[in-house]
Every structure is written in structure tokens, then in C-alpha cells.
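Please keep the sequence and the model in view while reading.

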Amino acid sequence: MASLQSRRGGKSWYIQFEDRNRARRTITLGKIPQRAAQQTLIHVEKLAAAQIAGTAPDPDTSRWLAAASEKLTAKLSRAGLIETRQNATLGAFIDAYDEGREADPKIKATTIAASRSTYKSLRSYFGESRPLRAISKGEAKAWRVSVSKGRAENTVRKWTAAAKKLFNAAIEHELIEVNPFVGLPSSTMEVRERDYFLSPEDASKVLATCPSIEWKLIFALARYGGLRCPSEVLSLRWGDVLWDHKRIIVNSPKTEHHDGHDSRVIPLWPELEQLLAEAFEAAPEGAEFVVSKTRDTAANLRTTMQKIVQRAGLRPWPKIFQNLRSTRATELADRFPDYVAAAWIGHSVKVARRSYWQITDDHFEEATGESAANALQKVLARDGKALPLGEAEPTIAAACDLLQLLSTCTVGDEGLEPPTSTV
């Protein structure tokens, strides 16, 4: 048991307790309100009990300890109730954390680079020398409000997630007990208003405007192959094109750290086969990569592609390469089972529904009706008798005449079958 004692007529307080060696220890609190002194007594008793039992303090005491001043924690440390607290600063910890991530082969350079804007903002807002323990939940929330100005909500959520991950690492290093960013929204939201479906007609215009075979491949691999650009497009090797089997092996740097998701196999689509054959014929002897001139995965391909789109007479759409993948994902979902379409694009059905599959004008046209000609074409196609539109027109016209004739015929009470004798 610990006891609370006062000095100088109740103006100064101190706590006495027995440690695990049954030695009498004293913690001076100084001139503080009696209520604060009593609250400290409660937690000191819990810390002493946990020390004797060899267990961790209860969550309430851990939270109190995380918010305690450096002066008080130093006294608790000298009394043997807690280990000496390392007083790491924000700038020093970010440097050490970043260095550790760079040395980890499982973490990609692009992932590390994506977090650096967050770290720069944290350094600027809190200061390099700010102790990690001195950053409160209220200040973390104020930082989030400050970075929200002029930025998209999902960008702010990604920055918050990076800050949360940084401070979780500080907890793992036992530098802090509580993450001040833990309650802030950090999961990205579904934003579909920037979706864009690139029709085959407009895709043909863009393809015709591409200045070289490599730019045609960059565009076509994203639009018709559904490859991620630049990572999967620039990782494609000629050895991954299985000409005889009409398949392509797509290596995925983005998902390779997940078991079984380092690569996938997609069809060698007709839209890609001719372009790849042309590029293979033009490739130098011993060429390894399909796209060889642009090898930097951090290269800004988007700007050049936007210029190509403009030269094709189109207005550049948002998320230019992601919407090419989304367009292809939507087309495949219309033609194949969900699990097949998702596997060929390289994501789960759940992700496809949330972020890729789109509702197009064709869906609305199909839902609201179609011409008899289109309906008959579908019936003929289903029976394996589809005709080119020009050749099908006489057949369609004859069918329409027959439908018109049937609509004017009447059926007697006996129906279509002749009456049978009941004798």
C-alpha cells in the first residue's frame, strides 16, 4: 500500500510506498492540488502492484503515464516504478524510421517516397526538436485540419495514415505509449465522380495519334490489357509473352509482397497481339523489356499521355491510366464471370466493385430497350449465325414483315391445334 503525506501545512505532498524488495521509497510531488495528489497516489499504487506481480499496468494507468510530465516520469523512474523514458524528438525519429525503411528490401522506394510529404509537413508543423511524447491528440487533430486546406479528402486521409503508422512505430520502439493520431480518419473513401469510360472509338483515335510503337504499347497495355501503369507496363518482358499459348504473364511489383499475387496470366488479346508482334520485329537483338526506352518507374508518363490525348482531339480525362484499367475491367465484367474478370485485371471482386467497374451508356441503352434489328442480331449470334450488318438487313426486314403479319392474325376459340374427336 502507498500513502499520501503532506508537508508545510498541506501545501506540499509526497507519496511513500514499498517496492518489490520491501524497501521504503518516497516520491515528492511538490505544491499541487490535493485532488491531483490523490489521483497520482492511485496510479502509483497500481504501478507498485504491477511491479511486484511482474505484470503490465492496467490501461487506465498506462494512459495516465503517457500523459504525465517529464518531471513526474523522471521521479517515477528514479523510484524504480518505470524504466527510464527515452525522450526521442520528432525529427530524429523520422530520420531513423526512414533509414530503417530504406534498408528493408520488402518496402519499395515509391512507398517510402509517398510518405515523405507527410513527414515534411509534420516537421514543419510541430518542429524538429519536438518530443514525441509532447504531441497530444488535440494537436494531432489540429495538424490534420491544417493540411486539409486545399487538398482532397483522400489525400488528407493518406497523410493521416502515414502519420499514424509513424507513431505506431514509436510505440513499438517503446518511445511512447499512446498514438495521438489513432482516432483520426485515415481509410480512403470511394470517389467515383472522377471515373471515365474510354470508348473503343476514342481509344482508336488515341492509338492512332501515339508518336511511336512504344507509346502505342504503353497506351494499349493499359487500355486493352488492363495493366497498371507504369509499374506493370514497364516490368513486362518479351519472355512474358507466350505467343504459342496466346497468353501474357504480368508481373506485379505493387502486389508481389502478398503471397500468390506476384504475377498473373492474361489472354494475349487481339488488340495487343498485332502491336506486340510489330514491336518485337522492331526491337534490337537481345532486348529484354517490351518498353525499353522508358525504364524509370517514377517517370511522369501521365503528362505525355495527356498531350497525346489532346492531339487526338479529346479532352484528357481524370486519373488517365487508372481509368484505362477501369475501362477494361468494366468491359471484361460484361463479358466474363466476375472472378475471371477480376483475376485478369489483378484485384479482388470486392475491389473491382468498389473502385473499377463502371456503369456506361451502353448499360442504360440495354436497360431501356433496343431495336428489333439489334435484338435479331443477338438471337442469330447466339445461334452461331450472326451476319454482318449489311448482309443481315434483308433477313431482318423479312423477319420484321413476319412479325407484322403475325400481329394481324387472329386465333379462333379452338386454338392453333385442330379439334380432336371425343367419340
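This is a predicted model: local features need pLDDT of at least 70, side-chain atom pairs count only at pLDDT 80 or more; totals for chains, interfaces and linings use all residues.

Residues are numbered from 1 along each chain as its sequence is written, and side-chain values use heavy atoms, with hydrogens and water left out.

**Overall make-up**

- The chain holds 18 helices and 6 strands; helices (H or I, at least four residues) and strands (E, at least two) are DSSP runs, numbered from the N terminus.
- Of its 423 residues, 37% are buried, where buried means under 20% relative accessible area, exposed means over 50% and partly exposed lies in between (1.4 Å probe, protein chains only).
- Among contacts (heavy atoms within 4.5 Å) with a separation of 6 or more, 55% are between residues 24 or more positions apart.

**Aromatic rings**

- Rings of Phe, Tyr and Trp (its six-membered ring) pair if their centres lie within 6.5 Å; planes under 30 degrees apart count as stacked, over 60 as edge-to-face and the rest as tilted.
- The count by this rule is 11 aromatic pairs.
- Tyr125 and Phe126 make an edge-to-face pair, because their ring centres are 4.9 Å apart and their planes stand at 80°.
- Tyr125 is partly exposed at 38% relative accessibility, whereas Phe126 is buried at 9%.
- The pair of Trp269 and Phe336 is tilted, with 6.3 Å from centre to centre and 55° between the planes.
- Trp269 lies in the loop between strand S6 (263-267) and helix H11 (270-282), and Phe336 in the loop between helix H13 (320-335) and helix H14 (338-345), so this pair ties together parts 67 residues apart in sequence.
- Trp269 is buried at 7% relative accessibility, while Phe336 is partly exposed at 24%.
- The charged end of Arg328 sits over the ring of Trp269, 4.6 Å from its centre; the rule requires NZ of Lys or CZ of Arg within 6 Å of the ring centre and within 35 degrees of the ring normal.
- Phe93, Tyr97 and Tyr119 are linked into a cluster by ring pairs.

**Packing of H5 and H6**

- The axes of helix H5 (residues 109-126) and helix H6 (residues 137-148) come within 11 Å and cross at roughly 115°; axes are lines fitted to C-alpha atoms, for helices over the stretch in contact, and angles run from 0 to 180 degrees between N-to-C directions.
- In H5, Thr118, Ser121, Leu122, Tyr125 and Phe126 meet Glu139, Ala140, Ala142, Trp143, Ser146 and Val147 of H6.

**Backbone features**

- Most residues other than glycine have a negative phi, and most peptide bonds are trans.
- Cys229 and Pro230 are joined by a cis peptide bond with omega of about 15°, and Pro230 lies in the loop between helix H9 (213-223) and helix H10 (231-235).
- Lys246 has a positive phi near 55°; Lys246 is in the loop between strand S4 (241-242) and strand S5 (247-251) and is partly exposed at 42%.
- Lys319 also has a positive phi, of about 45°; Lys319 is in the loop between helix H12 (301-311) and H13 and is partly exposed at 23%.
- Within H14, Val340, Ala341, Ala342, Trp344 and Ile345 are buried.
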